[in-house]
Amino acid sequence: MGITRRDFVKQAGLGAVGLGLGVSMFDGLGRTASAFADQIGKYKDHNLVFVSFDAVQAAHVHAFGYPQPITPTIDAVSRQGYKFDKTISVSSWTVPASMTWFTGVYPCEHKLVNKFSVYAPPVEKIAKMRELAPSIVTLAEILKKNGYATGGFTGDAGVSAIFGYGLGFDTYVDNVKFGGLDQSVPKAIDWLKQNKDKKFFMFLHGYDAHGQHVPAGGYDYRFVDKGYDYRYKGTAAEQEALREEGLANGKLDMREADVQFWRAVYDEKINREDAIFKHFLDTVEALGLTGKTLFVLTSDHGTECFEHKRIDHGYTLYNELIHVPLIVKLPGGGSGVVGHQVSSIDVMPTVLELLDVPLADNIKKQLRGRSLIADMQGGGGPEDAYSETDYRLYTFKRSLMAKDGWKYIHTLENNGRELYYLPDDPGEMTNLVAKEPRRAYEMEQRVFGFFKSIGSDLTAHRWETGMNPVYDYQAKTYEAKLREERKL
Amino acid sequence: MNKMSKRRVFLRGTVAAVSLVALAFGSAWAGPAAVAADKAADKPEKRYEHTNVILVTLQCLRPDHMGMNGYARDTTPNLDQISKSSVVFENSISHTNLTPVAMMAALTSEYPRVNGLVTFDVTKDSVSARTIPEILKYYGYKTAAVVTSPEFVMRFDGENGRTINLRDVFSRGYDDYIWPRRHVGRSMRVVPSESLDWIDKNKDKKFFLWIASGSIHPPYAATVPEPDKSMYDPPGYTPFWRKYFPVSGNEGGPNDPTIDILLRIWNNEYYEGFKPVHHLTKEDADYIVARYDAGIHYTDKFIGELRAKLKADGLDKNTIVIFYSIHGKALGERGIFINYDLYEAVLKNLLMIRFPDRQFAGRRIDDQVQGIDILPTLLSYLDIPIAAEEQGKDLMPLVRGDAGATGDEYAYIDRMPWWEHWMSRFFLEFKFQDPLKRNHPPSEDKAIEAYENMLKQEFPMDAYPPGDIAIRSKQWKLIVRTNPRLLEKVSWPGFITGTPVHIPDMELYDLIADPIQAHNVVDEHPKVVAELKAKLMEWNSEVEKRKAPYHKSGEKRYIIPYP
């Protein structure tokens, strides 16, 4: 497993303030469970800082098993809090995945499954959650109603206010497209200073690790191999071209050295993001807010680093894209490792219970996930995790990462079926559908049955691929093409 | 494994680092399974572990021509006997009036436009929907079919006049797909006795076997040996058509009622040169029915052998046997003898399930059901999850007699393809390709050629074929013609009788007062029409949302020949 007993005790010891030491147990079924002496308290009227390190793959965070210590700040928080080793995101790109934290429902329910709800130029309608799913209430709305000051500081793009991400926020900053923490943190700090005496909810988000973000001042290539010939420089334009080539051809043809380069550039971005985040945490500490604030650190999805011969994210549901870091740090301390599988669908109910917010019946009904407090106390148990992506209408995929280590992915537009056994094949390279036809069929039925149970009957219509641009240049190119055709 | 990698010093982007990354990446899930495997001992045995499945299709068998349903002739003594240990569905309604389309709906549990088989011309990938054998193979079944209905085997290349055997539309999912290619006389529609040998060789395996008998289909009784063949003939009768131009067609002998002859009978008149030349007497009609019944009787003898085989091999204890007749036939009701349209005689079929060890023996179910219900019912019985895409209903609650269980309040019917559509693809062309097979009077030559050209123009090769839709409740049947003017224009009865036909936009029949559908009462029951039409259109729009692409691969479409 990702952590040894010795490491665990050390980490728990560092983080345990006012709580008993955690004890690591091996329950004989191959899962690490943690038992904690004391109950986790409720944190009524405490602050919440919710951080999204956009596009950070769990496996690239040192605390989650990455060999290189590129994330000292996140690693430190993980030792001071609860680390969820196996968190599966409900989607593999920003627009659908992030709204699930703030609504507790799946993307097919909050309906932010693409940037446009209608895209047939010249008719274009931006997807707006309030129009598409009017009954869904957001975390910011709930907390605001409970007297919280609410502020969002983001890198725009996928979490732009226009989709509904701004709902319930007094202040929502989304003025720099694909902005990093270097943009959002200074504004967040200003706001923090103004609101430090109120109880507040802050959403802090940075695109630092995203393919379309390049660090201010450029790369110093700190992790790039000395012998690399710099065929690539790591620019957003290069990344965009590779992304599109991978989508168009199904795979990229890249030299091993180039793969290493892109991975090193990715590491540099994460490493820099981690450093900016340290600056933010130091400010929180200096303002005397650490002990009054609940932190959630996570990512909406990962980034492909050529694991399946593509770069970027959104198109597939392999674990490099849906296995995300998740850390919950409590104001009163307490730490541990939840070794079993949970889902990003559980984040909102967990946060609401920790903050001891009274829930109206419609919100109780809305929340699909479960509170993970029992798991943080050494109880709970692994759960099946369902994910989905309708990325740009290029594909429609649904997956089940089962708690027993089996993974099934269904591609709806062509009934593509994939089955993997992660304990033997963590990279999801060997499709076992032909070898295990019965298991594949039964998991397929579970996927279809699950989505039907949440109101999305996947058989109700044929899934036709189409065009629904995410990036501006796609829309421009497509619209130019249409104009050209009409002229002809 | 991470213990070691954790100790490594930070590596710059080298190959060594890559492998570590790859390992580290999966480490969260790598290693022994997170949850102990289910203990087999704790689980109750599932029926799929030990139950064989046999599907017997008796194409064209009308339930009202069976002794068990009170028919005057003792046509089906063996099926009657089996019915006593089976569940009989007394109102099983076909999906359409033509075999391949009706059968594919049953095999996939998807309506025709959804599964993609809507015509007699198909590409290799026309149907991508999962079929019964494909699902059973997941569960370790050996799968086989023995097929003597040519509809499930052959395809025909209309351009070069060649029969080809691309065994892929119906044969997907089978370990053995056996077409005996045995002729009796000129017909290959023999009883599928090869299936008994297959059972002998495979009785120790868990198997699914589809026995598809074409032996009841026209030309009636063509493969039945004497004296069985003429056992019900009116004494001393000579077929009336012997007096006219020999149109028997390539499948039958001169005395066999072939499709080519039956096609020329409308309103009890036999047509030649687009004029009525013979009014059918009662004896004429009796002879056609006699030959139809003789085919049933002979097929039932084979069913007797199958029954004896299963008993002798001890398979009756662990084999579920489903009898399904796909659709019926018109036998003179309204003076018609083919399955041209959605008549009751055509749409009512046999569905009877013999459960292992006589479970539910003797139960008769009055509720309306359809072929698409067969697959979910079978899976439910076998303890296999029903596939999400299936559109049929699990009938096991109804079979068990669960409180509140019902069948299908409404049966939905796609009249696809139009009779004239398959003619345009194969039948007429076939007649011209091979002068030896040309079997119409020379005086009709020009008109037939013009008719053929018109059909080809109206039904372009890659265009989605037109169809009609219908809804049936226990009392009513509403037929909605989607393009009545076109149907009038292309109408085969209109052509062969030389008299233009009028096709109403909608037809409503009171099936209780008027079972032969002689009186269209659409104007007399506006409320019934409105209610049924709303249901039908709702179904239609659901089907349209799931409609399979028609010309997916751009591949050449080959023809399923008929007859």
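**Domains, sheets and helices**

Modeller: The C-alpha centres of domain 1 of chain B and domain 2 of chain B are 24 Å apart. This is a predicted model, in which local features need a pLDDT of at least 70 and side-chain atom pairs count only at pLDDT 80 or more, while totals for chains, interfaces and linings use all residues. Residues are numbered from 1 along each chain as its sequence is written, and chains are lettered from A and ligands numbered from 1 in the order in which they are written.

Biologist: How do you know which residues of chain B belong to domain 1 and which to domain 2?

Modeller: The bounds come from an automatic or database domain assignment, which for chain B gives domain 1 as 50-244 + 279-410 and domain 2 as 414-419 + 446-559. Their contact takes 34 residues from domain 1 of chain B and 29 residues from domain 2 of chain B, where two residues are in contact if their C-beta atoms, placed from the backbone, lie within 7 Å. On the side of domain 1 of chain B that touches domain 2 of chain B, α5 (112-115), β3 (121-122) and β5 (155-157) of chain B each supply at least two residues; α5(B) gives the most, with 4 residues. Helices (H or I, at least four residues) and strands (E, at least two) are DSSP runs, numbered from the N terminus.

Biologist: How many residues on that side of domain 1 of chain B are nonpolar, polar and charged?

Modeller: They divide into 15 nonpolar, 9 polar and 10 charged, with Ala, Val, Leu, Ile, Met, Phe, Trp, Tyr, Cys and Pro counted as nonpolar, Asp, Glu, Lys and Arg as charged, and the others, Gly among them, as polar.

Biologist: Which domains does the assignment give for chain A?

Modeller: In chain A, domain 1 covers 5-383 and domain 2 covers 388-487, and 23 Å separate their centres, taken over C-alpha atoms. Contacts link 28 residues of domain 1 of chain A with 25 residues of domain 2 of chain A. To the side of domain 1 of chain A that touches domain 2 of chain A, α4 (107-110) and β5 (116-120) of chain A each supply at least two residues, and the largest share, 3 residues, comes from α4(A). The residues of that side divide into 16 nonpolar, 7 polar and 5 charged.

Biologist: Why are α7(A) and α9(A) called roughly parallel to each other?

Modeller: The axes of α7 (residues 181-195) and α9 (residues 256-286) of chain A come within 10 Å and cross at roughly 5°. Axes are lines fitted to C-alpha atoms, for helices over the stretch in contact, and angles run from 0 to 180 degrees between N-to-C directions. Angles under 35 degrees count as roughly parallel, over 145 as roughly antiparallel, 65 to 115 as roughly perpendicular and the rest as oblique, and α7(A) and α9(A) are therefore roughly parallel. Among the residues that meet are A:Val185 and A:Ile189 in α7(A) and A:Ile276 and A:Phe280 in α9(A); the residues of this contact divide into 8 nonpolar, 2 polar and 2 charged.

Biologist: What makes β7 and β14 of chain B edge strands?

Modeller: The open sheet has 8 strands in the order β7-β4-β8-β1-β12-β13-β2-β14 (chain B), with mixed pairing. β7 (176-178) and β14 (364-370) of chain B each have a single partner strand, so one side of each is left without a neighbour in the sheet. The twist averages 15° from one strand to the next.

Biologist: How do you know that β2(B) and β14(B) are joined, and by how many bridges?

Modeller: Two strands pair if DSSP finds at least two bridges between them, and 5 bridges join β2 (residues 87-93) of chain B to β14(B), which run parallel. In β14(B), B:Gln370 is the bridge partner of B:Ile93.

Biologist: Which strands of chain B form a hairpin with β10(B)?

Modeller: β9(B) and β10(B) form a hairpin with 2 residues between them, and B:Asn267 in the turn has a positive phi of about 50°. β10(B) and β11(B) form a hairpin with 2 residues between them, where B:Gly273 in the turn has a positive phi of about 60°.

Biologist: What is the mean pLDDT of chain B?

Modeller: The mean pLDDT (the predictor's confidence in each residue, from 0 to 100) of chain B is 89, and 88% of its residues reach 70 or more. Over residues 1-26 of chain B the pLDDT is below 50, and pLDDT stays under 50 over residues 34-40 of chain B. For the complex, the predictor gives an ipTM of 0.91 and a pTM of 0.91.
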